[in-house]
Amino acid sequence: MKRHGGQILTDQLVKLGVDQVFSVPGESFLAALDGLHDSGIQNVVCRHEGGASMMAEAHGKLTGQPGVAFVTRGPGATNASAGIHVARQDSTPMVLFVGQIARGHRDREAFQEVDYRAMFGSLAKWVAEIDETARIPEYVARAFRVANSGRPGPVVLALPEDMLSASAEVPDFSGTGAAIARPAREDVQALLDKLHRAERPLVVAGGPGWSASAALNLARFAETQNIPVAVSFRRQGHLDNRHACYVGDLGVGANPKLSQRVRDSDCLLLLGTRFGDIETAGYTLPDPAGTNKSLLHVLPDPDEIGAVYGVEASLTCTAPAALEVLAELPGTQGWPEWTASARADYEAWREPQETPGAVKLEQVLRWMSDMLPDDAIITNGAGNYAAFIHRYYQFRQYDAQLAPTSGSMGYGFPAAIAAKLHHPDRVVVCLAGDGCFQMTLNEMSTARQHGAAVITIVVNNGRYGTIRMHQEKTYPGRVSGTEMANPDFAALARAYGGHGERVETTEAFGEAFARARASGLPSVIEVVTDPEMLSTTMTVSQFRALGEKAKG
């Protein structure tokens, strides 16, 4: 039986288990929209391709299966590239379908023509254009395998509109991808033996593809070995932060004592993390040119192992696969004093340090940490406000944190929508700076249309705070391009049909949050902070003084 290309494509998506896609419609993929009509796949219609791609990326993070987005050619694809970059740096499985000009119009600079192989070549794991309708099942199935294999990441498939509207008689592609290999017990034991020789070891857990069972196995391994465990940037859900072996995150605004502990350690066991720029404070905690540490690395991509830091031993597998074995192996006496000391440093770091103004963001985050359910999902984008999450909020399970390791502004709100659609019964809270929120706040109507009752806390200090911080350190007192005139965020939420409130004191936050949660609507709580507050530890004046001192 003949089917048009859009039907063939969506039938293949159904066979691959896809139940939700994110899109901004375009005439270049009308046939795919027609295929979605009776497919049973929910099409979440977004307001901007950047929002759609970020929602797909967040869906991939939550499920471990490729998130799917559809966007149109040219401007649609360029807008969507922001989400592709997030998926690349965060190692998230994702497939982006892009409408394309008709095949016969190529190389004429036709309306919205783009060479997607050139455009996405350095951002995606694989970029292809489907020339034959009959090969759609093959390409789509391969895209999903590539997105999930090795180090996961984004795949882009371009769909020429005449190819998509043409018909062919072809079966759906069957079969599955390669199974995740469980490492041999003796190889894992050899790695553990090297760890046992250390005097001051530290585990750094991170990377994609984790699950509830993987987090539990990490906890079992840490307990058995009595070893401190840090997590990489924005992977705080990999180990319950209340666990006695959890010692903090190596992210932006990391505890200086934890950073020093990395320097002082003589052995690092890296579980799933690439151990990149942020975790190593700009490749300085260990020096890639030479280190006196033993590095033990577990990563599924052999090309990444040893790419920056030389390693003493490694396992080419996922961290969850290695932990299935590590959790079963016996420990020695462990490192009780070293572990307890690292935990004490973390506990001291969580004690709120007072910031200026009537709204104390540190107290707001501690309230959230104490009052929200264990399975609450916290999302954010980029900005100094996020350091308050890292420092003061305790994540209790593996999928409770959705945030971009790429540092992409605007990510938190669309990610929250994707999370709430996937987990409608869980509390989903987005924290966003005033600049961060304004990059994707148009997705408020997406949330309203599809019933995603997320609660967004907008930290309003009237500036691009992170850039202002660096500006004061580098060009003290010369404010340029970092001030903002903001709307009434609470009124804006109400204009979209949601719930909106403005909070000007710490004491008012709890009741405002309760009302937002009870509303059953997409909600915005605008938290007005003192413009002098710039980070968890320092003010504008203090950063300026640092800059003036550096200038001499």
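Trainee: What does buried mean, in relative accessible area?

Mentor: Buried means under 20% relative accessible area, exposed means over 50%, and partly exposed is in between (1.4 Å probe, protein chains only). This is a predicted model, where local features need pLDDT of at least 70 and side-chain atom pairs pLDDT 80 or more, while totals for chains, interfaces and linings use all residues. Residues are numbered from 1 along each chain as its sequence is written, and side-chain values use heavy atoms, without hydrogens and water.

Trainee: OK. Is Glu 57 buried or exposed?

Mentor: Glu 57 is buried, because its relative accessible area is 0%.

Trainee: Which residue does Glu 57 form a salt bridge with?

Mentor: Its partner is Lys 61, with the closest N and O atoms 2.6 Å apart. A salt bridge here is a side-chain nitrogen of Lys or Arg within 4 Å of a carboxyl oxygen of Asp or Glu.

Trainee: And where do Glu 57 and Lys 61 lie?

Mentor: Both are in helix H3, residues 49-63, and sit 4 residues apart, about one turn of the helix. Helices (H or I, at least four residues) are DSSP runs, as are strands (E, at least two), numbered from the N terminus.

Trainee: How many salt bridges does the structure hold?

Mentor: There are 31. One of them joins Glu 328 and Arg 185, at 3.6 Å from N to O. Glu 328 is in the loop between helix H11 (319-326) and H12, and Arg 185 is in helix H8 (residues 185-196), so the pair ties together parts 143 residues apart in sequence.

Trainee: Which residues are linked in a network of salt bridges?

Mentor: Arg 463, Arg 468, Glu 472, Glu 483 and Arg 544.

Trainee: What separates the C-alpha atoms of Arg 544 and Gly 477?

Mentor: A distance of 6.5 Å, although the two residues are 67 residues apart along the chain. Gly 477 is in the loop between H18 and helix H19 (489-495). Gly 477 counts as partly exposed, because its relative accessibility is 44%.
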